[in-house]
Amino acid sequence: MSIFTQEVTDAAEMNKLSDIFFCISGVSPEILVSDWETPCFAERFCDKEYDYDRKYDVYKITCGNGAFVLKKTDENEVSVYRRLNGRGLNVPLYYGCRECSDGVWILIEYIEGDDLRIFDEASAYAAAVSLVGVMNEFAGLEDDCERFSRYMKRIKKRSLCLRGEDMLVSAYDIFLNRQLTIKRTMQNGDLLQFNAIKRSGKVYIIDWGFGGFMPYSLDIARMTAHGIETPDVGFPFLMNERDRRAFIDEVYRGLAEKPSRDEYERDVLLSTLNEYVEFAEPYLENPGEERGELFELYYEYAVRTAREILQ
């Protein structure tokens, strides 16, 4: 997976983006654009995976004295950013939103820097500090359970792909049951390495479209489950065992409300199984399709993790 941007050259699209940008930024006290006559420059975020190209409704807008992200989203992400904003957390600043005919658009801070696809010791500690800051900030706060309900519905549906895989079914049932009692706090919901950006010694957690109050171990597992020693197979994330362990240990050290160490390790392990099953799911649901190296990687990891859970 390779994230990149493409310049917006279509006049109609550019006019639409400019209108939305100026509508939001014009009423945001946090934005001081020094020269409103300066034309905006827009780039669309895209990614390429194998032969498949994807274009997101997410744009980098450069105008006046700043760079911003303009994104079409939904009310859930708007709500999450509003809750995150103003708390001094390592997340993008939220400037506002606008309801348009094609959906809700938000304007947030653009974080300039490198992502964590090459994960090292410094990244491990900085990312842990940022994540645990969010988790502690929202620990024990009111949870409307709506995001958690959608999450439970999704993982219960995911479990159906394991029919015929007795060991995986047994381990995944343990994961499902634990989700009903585990502590919940604010989670990004998609904390892969490209959703964490290094800037000035800190790591900023971006893209909160899947965010909300969910089990505390989800983001820890998402960050650590997909890193491999060599980038030949699977996601192009480099993470060795030492740095993976450093991240997990540092999150635990920083938690204000700690479970026992054994419980913490067990929760992360269960959520890691969910990660592997999620990425094997498309192949397990369609057994007639050709299964390549990516499936073999995640299936092997899922079986290994299930065996550890059941031992």
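Strand β4 (residues 66-73) and strand β6 (residues 103-109) run antiparallel and are joined by 6 bridges; two strands count as paired if DSSP finds at least two bridges between them. Within this pair, threonine 73 has valine 104 in β6 as its bridge partner. β4 is mostly covered, with 6 of its 8 residues buried. Here buried means under 20% relative accessible area, exposed means over 50%, and partly exposed lies in between, with a 1.4 Å probe and protein chains only. The element names come from DSSP runs, with helices (H or I) of at least four residues and strands (E) of at least two, numbered from the N terminus.

A word on what you are looking at: this is a predicted model, in which local features need pLDDT of at least 70 and side-chain atom pairs count only at pLDDT 80 or more, while totals for chains, interfaces and linings use all residues. Residues are numbered from 1 along each chain as its sequence is written, and side-chain values use heavy atoms, with hydrogens and water left out.

Let's move on to another sheet. This open sheet has 3 strands in the order β7-β9-β10, with antiparallel pairing. β7 (114-115) and β10 stand at the edges with a single partner strand each, so one side of each has no neighbour in the sheet. As a reminder, strands of a sheet pair through backbone hydrogen bonds, either parallel or antiparallel. β7 is joined to β9 by 2 bridges, and aspartate 114 has lysine 198 in β9 as its bridge partner. Helix α3 packs on this sheet, where it touches β9 and β10, and its direction makes about 50° with that of β10.

Arginine 199 stands opposite lysine 202 in β10. The two strands form a hairpin with 2 residues between them. Which residue in the turn has a positive phi? That is serine 200, with a phi of about 55°. Most residues other than glycine have a negative phi. Serine 200 counts as exposed, because its relative accessibility is 75%. Aspartate 207 is found in the loop between β10 and β11 (212-215) and is partly exposed, with a relative accessible area of 28%.

Now follow α3 (residues 121-138) to its helix partner, α7 (residues 241-254). The axes of α3 and α7 come within 8 Å and cross at roughly 30°. Axes are lines fitted to C-alpha atoms, for helices over the stretch in contact, and angles run from 0 to 180 degrees between N-to-C directions. The two helices are therefore roughly parallel to each other; angles under 35 degrees count as roughly parallel, over 145 as roughly antiparallel, 65 to 115 as roughly perpendicular and the rest as oblique. Among the residues that meet are Ala124, Leu131 and Met135 in α3, and Ala246, Phe247 and Val251 in α7. Contact means heavy atoms within 4.5 Å. The residues of this contact of α3 with α7 divide into 10 nonpolar, 2 polar and 4 charged. In that count, Ala, Val, Leu, Ile, Met, Phe, Trp, Tyr, Cys and Pro are nonpolar, Asp, Glu, Lys and Arg are charged, and the others, Gly among them, are polar.

Helix α5 (residues 166-179) takes part in two helix contacts described here. How is α5 placed against α4 (residues 146-159), and at what angle? Their axes are 11 Å apart and the angle is about 165°, which makes α4 roughly antiparallel to α5. Phe148, Tyr151 and Ile155 are among the α4 residues that meet α5, whose side includes Tyr172, Phe175 and Leu176. By class, the contact of α4 with α5 has 7 nonpolar, 2 polar and 2 charged residues.

With helix α9 (residues 293-310), α5 packs at an angle of about 65°, and the axes are 9 Å apart. Met167, Leu168 and Ile174 are among the α5 residues here, and they face a set in α9 that includes Tyr299, Val303 and Leu310. This contact of α5 with α9 has 10 nonpolar, 1 polar and 1 charged residues.

Last stop: tyrosine 283, found in helix α8 (residues 261-285). Leaving aside neighbours within four places in sequence, tyrosine 283 is in contact with Glu290, Arg291, Leu294 and Phe295.
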